[in-house]
Amino acid sequence: MNIGYKNMRRLKHQSIVLACYILAIIFFFPIFWMILTSLKTELQAISVPPLFFFEPTFENFSIVQERSDYLKYATNSIITSFGATIFALIIAVPSAYSMAFFPGRFTKDILLWMLSTKMLPAVGVMMPVYLLADSAGLLDTKTVLIIIFAMMNLPIIMWLLFSYFKEIPVEILEASRMDGSTTWDELRHIVLPLSWGGVASAALLSIVLCWNEAFWAINLTAGDAGTLTALIASYSSPEGLFWAKLSAASTMACAPIVIFGWFCQKQLVQGLTFGAVK
Amino acid sequence: MRVSFTKALQAPSIILLFLWMIVPLSMTLYFSFMRYNLLYPERSGYSGSLNYDFFLTDPALFDAVINTLTLVGSIIFISVVLGMGIALLLQEAFRGRGVVRLMLISPFFIMPTVNALIWKNMFMNPVYGLFAFISGVFGWPVVDWLADLPLLSIIIMLSWQWTPFALLIFMTSLQSMDKEQVEAAEIEGAGFWPKFRYLTLPHLYRAIAVVVMIQAIFHLSIFAEIFVTTGGGPGYDSTNTTFLIFTQALLQFDVGVASAGGVFAIVIANIIAIFLIKTVAQGMAK
């Protein structure tokens with residue numbers, strides 16, 4: 001009887017493990033297939049039945065770099081995602097600090113209003129932004145992307161920082177104020193060190209969202225300031241038949257952020273849930 | 001003195017976001033009442049409600065709204081159910097769980113455009129795609145996914161991307177569940193369903209709210225996936241409101257009509273936003 005129960009448990013455990021492995025393979029398979037295709041020749045890439053074993057070639061990667069200057073787009077992606085994130089943080093850290101420790105009557109309403117600006121569909125304001133950027137001579141520049149990305153992520157960053165700062169006991173700040181520390185000291189030596197994880201997760205989330213942003217990147221840039229999302233979109237048109245090269249370009253576009261995400265998944269979760277789910 | 005200085009620190013974020021909202025919004029509102037087509041710059045001036053009439057009587061609008069709601073609803077439903085199921089399975093400790101977790105989470109970091117192209121070319125292509133190959137092996141009829149089932153194809157792509165997101169959130173939320181409570185319930189002889197219904201689900205409430213709110217924000221304006229795969233077609237079968245306005249604005253160069261559409265999209269988004277913020281965000285701000 002006892003043995004039967006144990007066997008049941010074991011069977012249950014093994015089937016759960018099996019299910020997990022199968023699900024992981026299913027979910028990861030498209031990425032695996034993309035990487036595999038990037039190592040094929042064009043002919044192998046469209047062969048029926050699909051090839052699993054073949055002599056890998058790294059030719060596609062060098063062709064993509066040569067043909068569309070991958071490095072330029074990658075640099076643009078890095079500059080815009082990191083630039084926008086730093087810009088947003090510089091604005092958000094003092095604001096969130098002030099809202100968390102010196103809340104006014106409307107602080108909560110202001111925070112909700114900030115989140116509601118995220119709901120403004122980009123397409124609803126596309127023409128004005130396009131025309132404004134055009135008249136300022138900012139079309140197809142990294143500057144315009146940095147400004148827009150920063151504004152897009154500012155509400156989320158504000159929320160995150162606010163909820164992380166809120167967790168710092170006010171007593172610590174009061175004690176330091178007794179010792180005569182200035183606002184700047186307080187922020188730099190107490191608030192930021194204590195909420196470092198929160199600030200980092202807000203930054204990480206913002207970087208991932210900027211990296212993958214497609215709407216503005218496609219509509220406001222052309223050759224000069226195009227990010228990797230725009231590069232990939234350009235491969236979807238007639239050239240898109242070259243699957244091996246497309247896969248190579250895609251692999252190169254996603255690898256940095258996927259690896260980045262793997263390293264940071266813990267912080268990211270805290271970031272994504274506004275610090276609410278721990 | 002000091003308090004007023006620290007209060008002033010709030011100003012930059014508020015002012016910048018206010019400008020980011022109000023300037024384009026008022027311009028959109030203004031354009032929506034003007035005759036303004038980039039192809040015919042000589043036609044200008046006040047047009048009354050002409051743009052709205054044009055946009056609102058567009059036969060495609062109804063389809064686009066239905067498609068938008070279908071997309072938002074079904075992607076959220078699939079990702080929440082699947083994500084929660086997988087998160088529960090992953091509570092079991094086993095060798096290689098770390099790798100399994102990384103593999104399951106990876107799709108979330110894939111660019112929307114890449115996501116769309118992988119599925120479009122390598123899976124859903126009716127000649128060379130893997131789905132066609134699998135159908136062939138089993139002797140099933142070959143489906144031209146993007147032409148025959150465009151909306152379902154886009155739902156598959158986005159669910160693949162966003163289920164990992166839901167999974168991430170649920171996984172972390174489950175970690176903080178009160179283990180003693182669960183054990184107590186097990187000793188009392190509670191099976192899977194009662195445990196799920198009365199312990200897990202209430203615990204996950206907040207996480208579900210977060211997942212639904214963030215996904216709603218993003219899925220209301222799905223663009224890249226449609227742009228690189230179906231282009232809204234065939235016909236208007238996979239056009240959502242975002243894409244409809246995009247075609248008005250960029251393909252027909254009609255700023256006036258596109259702005260009227262923008263105002264419409266903003267109104268829809270706000271109805272949903274008010275609902276979501278009331279139910280979700282208010283609780284989280286506490």
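Two residues are in contact here if their C-beta atoms, placed from the backbone, lie within 7 Å. Before you click, know that this is a predicted model, in which local features need pLDDT of at least 70, side-chain atom pairs count only at pLDDT 80 or more, and totals for chains, interfaces and linings use all residues. Residues are numbered from 1 along each chain as its sequence is written, while chains are lettered from A and ligands numbered from 1 in the order in which they are written.

**Stop one: where A meets B.** Select the contact: 80 residues come from chain A and 79 residues from chain B. Colour the chain A side by class and you get 60 nonpolar (Ala, Val, Leu, Ile, Met, Phe, Trp, Tyr, Cys and Pro), 3 charged (Asp, Glu, Lys and Arg) and 17 polar residues (the others, Gly among them).

**Stop two: chain B on its own.** Zoom out, and the C-alpha atoms of chain B fill a box of roughly 80 × 75 × 30 Å along the principal axes.

**Stop three: inside chain B.** Colour chain B by burial: 44% of its 286 residues are buried (20 or more other C-beta atoms within 10 Å of their own, with C-beta placed from the backbone). Then draw the contacts in chain B with a separation of 6 or more: 70% of them join residues 24 or more positions apart.

Note on methods. Buried ≥ 20, exposed ≤ 12 C-beta atoms within 10 Å, placed from the backbone.
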